[in-house]
Amino acid sequence: MSQNNDILYLDPGHAFGIGSRESSFIKNNFQLVDQYELEAIDLHEYKCLVVHDFIDQEFMFKQREKVRSFLDAGKIVIFTGHLFKEWLPGCPLFTPKEIHHFTDYEISIAAPHSIFSGVISEEMTFNKGVAGFFARGTHSPVPAGAEVLLTLPGAMPVTYIDRQTTKGTIFVHAGRDLFVNRMQGKSTDRISVQLLQWVHEEYRNLQSAGEKI
């Protein structure tokens, strides 16, 4: 399987994602399948599983052991959304942030990382002058040893990487699909490409670490 289709992107089939599903970026870099095909798919050849914010989490809960086995094989799971069923190892359920003012949606970079390199935090906070589209809450407390990348005010974790809970890597973002941050003429256009690059680099690191054990 080539690098261009060894990342499995589960398509929840929602109306808001039609443009993303038909984009050349998705077609050229992911194996796009209907979410319900996951049950029958052999995940052995895939390095990463991308789970969208509109995913059927009742279905994912039934597939939780398959997700866990995939991770324990030294693979990567990317979840963007609001977890309300415990199908993702180590990830707490989503808690919305109490909002009193639009500044409560302000995104801060907690730690420099290649995924958000060159991305202006204000351009994550605001989309067409409106705050709140990027993230509105948290999955916290994050697992022990997790790397927090982005936060809301009060050091509330929005985005984190967990390499401790399983033998693989879990990337969690409490918001919309980061692979759709494209073609807006802002620094956030960088996120999708840099996140994809990170997936390939992270997988190489996981495989190298496994070979040394």
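Trainee: Does Glu123 count as buried, partly exposed or exposed?

Mentor: This is a predicted model, in which local features need pLDDT of at least 70, side-chain atom pairs count only at pLDDT 80 or more, and totals for chains, interfaces and linings use all residues. Residues are numbered from 1 along each chain as its sequence is written, and side-chain values use heavy atoms, with hydrogens and water left out. Buried means under 20% relative accessible area, exposed over 50%, and partly exposed in between (1.4 Å probe, protein chains only). Because its relative accessibility is 25%, Glu123 counts as partly exposed.

Trainee: Which residues does Glu123 touch, not counting those up to four places away in sequence?

Mentor: Glu123 is in helix α5 (residues 121-125), where helices (H or I, at least four residues) and strands (E, at least two) are DSSP runs numbered from the N terminus. Glu123 and Lys186 are 63 residues apart in sequence, yet their C-alpha atoms are 6.9 Å apart in space. With contact taken as heavy atoms within 4.5 Å, the residues touched by Glu123 are Lys186, Ser187 and Thr188.

Trainee: How many disulfides does a search of the whole structure find?

Mentor: A disulfide is a covalent bond between the sulfur atoms of two cysteines. The criterion is a pair of cysteine sulfur atoms within 2.5 Å. The search of the whole structure gives 0.

Trainee: How far from Cys48 is the nearest cysteine sulfur?

Mentor: Cys48 is buried, with a relative accessible area of 0%. Cys91 also counts as buried, at 6%. The nearest cysteine sulfur to Cys48, which is in no disulfide, is that of Cys91, at 15 Å.

Trainee: What kind of aromatic pair do Tyr36 and Phe59 form?

Mentor: Rings of Phe, Tyr and Trp (its six-membered ring) pair if their centres lie within 6.5 Å; planes under 30 degrees apart count as stacked, over 60 as edge-to-face and the rest as tilted. The whole structure holds 8 aromatic pairs. For Tyr36 and Phe59, the centres are 5.1 Å apart and the planes 75° apart, so the pair is edge-to-face.

Trainee: Where in the chain is Phe59, the partner of Tyr36?

Mentor: Tyr36 is partly exposed at 42% relative accessibility, whereas Phe59 is buried at 9%. The pair links distant parts of the chain, 23 residues apart. Tyr36 is in the loop between β2 (31-34) and β3 (48-51), and Phe59 is in helix α3 (residues 57-62).

Trainee: Which residue lies over the face of Phe61 at 4.0 Å from the ring centre?

Mentor: A charge sits over a ring if NZ of Lys or CZ of Arg is within 6 Å of the ring centre and within 35 degrees of the ring normal. Lys85 lies over the face of Phe61 at 4.4 Å. The residue at 4.0 Å is Arg64.
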